[in-house]
Structure formats: structure tokens, C-alpha cells
Amino acid sequence: MESEWFDPVLPERCRRDLPDLACPLRPSDRRQVSRLDKDINAFGLSGNGKQIWFAQDVAINKTLGKDIYPDLPKNSARIYDDLNARHWDTWDDGSRSHVFTASLNDSTLGPVVDIMAGEPFDAPMKPMGGGEEIAISTDGARIAYTCKR
């Protein structure tokens with residue numbers, strides 16, 4: 001069943017008039033291409049549709065007492081060694097938002113690469129950053145992102 005908002009003529013007109021741009025799909029043509037173990041914060045697709053980027057939280061610093069002291073598994077304390085324990089409306093849980101990239105092959109996602117591996121920075125930046133802080137080239141070969149270092 002088609003959604004009420006879907007214009008069945010639009011995809012054909014889009015492919016004819018704007019062949020290099022992504023065109024809306026019929027709901028029946030949409031498909032899931034990834035099975036990630038965690039939620040994503042933002043995502044984007046290269047102009048040629050062959051490369052995808054997404055932002056996902058990665059555990060960088062240990063803040064839970066049971067992670068720092070494994071011999072105390074019932075420990076529920078949070079341990080901070082600087083003043084940035086709370087920023088705006090969230091506590092620092094030791095995770096940072098990183099940018100990942102992967103190739104998009106037909107209906108599957110290729111190997112996922114963390115382009116910020118090991119870096120203790122957020123991209124997009126918290127608390128108000130979003131997908132507008134990350135850009136990918138049309139051919140998917142280059143990614144630009146914003147972060148505080």
C-alpha cells in the first residue's frame with residue numbers, strides 16, 4: 001500500500017531531470033542495508049550513492065567504578081578526574097561521537113571504518129551539533145567533519 005504523501009510520478013521525473021541526485025523512492029522500494037549494534041546520531045550518503053557516513057557513540061574513557069575497578073562489580077559510582085563531568089544537560093559517560101564510513105554495495109554495507117579511531121573528540125560536536133557538521137564529497141573519497149581538539 002502506498003503512503004498518502006507519495007507522488008508516484010516524482011521518482012520518474014526526478015531520474016529524468018536530475019539524474020545525479022538521490023530521488024525519493026516508493027515505500028516498497030526502500031530496504032535496510034545495515035545491521036549496526038548501536039544507534040547512530042547522524043548519517044549521510046555520497047552523491048554517487050556508493051559511500052555512506054554515519055556518527056555513532058564510541059566508549060573512549062572509563063567513568064564507571066566497576067569498569068575502573070573490576071574487582072568491585074557492585075560498584076555504582078562514577079569517577080571523574082576533571083571538572084567536565086556534566087555539560088549542559090548530560091553527564092560525561094566516557095563516550096564520544098565518532099564518524100564512520102562504509103561502502104554501499106547494492107543492498108549491503110561494506111566494512112565499517114572509524115575515521116576517528118582512538119580520538120577523544122566528538123563529531124558532530126555536543127551539545128547542539130548535527131549532521132550539518134559532516135560533509136562527504138560526491139564521489140565519496142573525502143569526508144570533512146568538525147570537532148574540538
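**A buried core and an open patch**

Of the 149 residues of the chain, 29% count as buried, where buried means under 20% relative accessible area, exposed means over 50%, and partly exposed lies in between (1.4 Å probe, protein chains only). The model is a predicted one, so local features need pLDDT of at least 70 and side-chain atom pairs count only at pLDDT 80 or more, while totals for chains, interfaces and linings use all residues. Residues are numbered from 1 along each chain as its sequence is written, and side-chain values use heavy atoms, with hydrogens and water left out.

The chain has two helices and nine strands, which run α-β-β-α-β-β-β-β-β-β-β from the N terminus on. Helices (H or I, at least four residues) and strands (E, at least two) are DSSP runs, numbered from the N terminus.

The largest nonpolar core has 10 residues: Ala 42, Trp 53, Ala 55, Val 99, Met 116, Phe 121, Ala 123, Ile 134, Ile 136 and Cys 147. Strand 2 (51-59) and strand 8 (134-136) are the elements that give two or more residues to this core. Such a core is a set of buried Ala, Val, Leu, Ile, Met, Phe, Trp, Tyr and Cys residues joined through side-chain atoms within 4.5 Å. In soluble globular proteins, nonpolar side chains tend to be buried together.

His 98 belongs to strand 5 (residues 95-105) and is buried, with a relative accessible area of 0%. Its contacts (heavy atoms within 4.5 Å), leaving aside neighbours within four places in sequence, include Phe 54, Ala 55, Met 116, Phe 121 and Ala 123. The side chain of His 98 also reaches the backbone oxygen of Glu 119 at 2.7 Å.

Lys 126 forms a salt bridge with Asp 122, with the closest N and O atoms 3.9 Å apart. Lys 126 is partly exposed at 40% relative accessibility, whereas Asp 122 is buried at 16%.

Last comes the surface. Phe 43, in strand 1 (residues 42-45), is exposed, with a relative accessible area of 60%. Together with Leu 36, Ile 40 and Val 112, Phe 43 makes a nonpolar surface patch of about 350 Å². Patches are made of residues with over 30% relative accessible area and no salt bridge, with like charges joined within 9 Å and nonpolar side chains (Val, Leu, Ile, Met, Phe, Trp, Tyr) within 5 Å; accessible areas come from the Shrake-Rupley method with a 1.4 Å probe, and for residues, only the protein chains shown count as cover.

Terms used. A salt bridge is a side-chain nitrogen of Lys or Arg within 4 Å of a carboxyl oxygen of Asp or Glu. A polar contact is a pair of N or O atoms within 3.5 Å; within protein, one must be able to donate a hydrogen and the other to accept it, and residues adjacent in sequence count only if both atoms are side-chain atoms.
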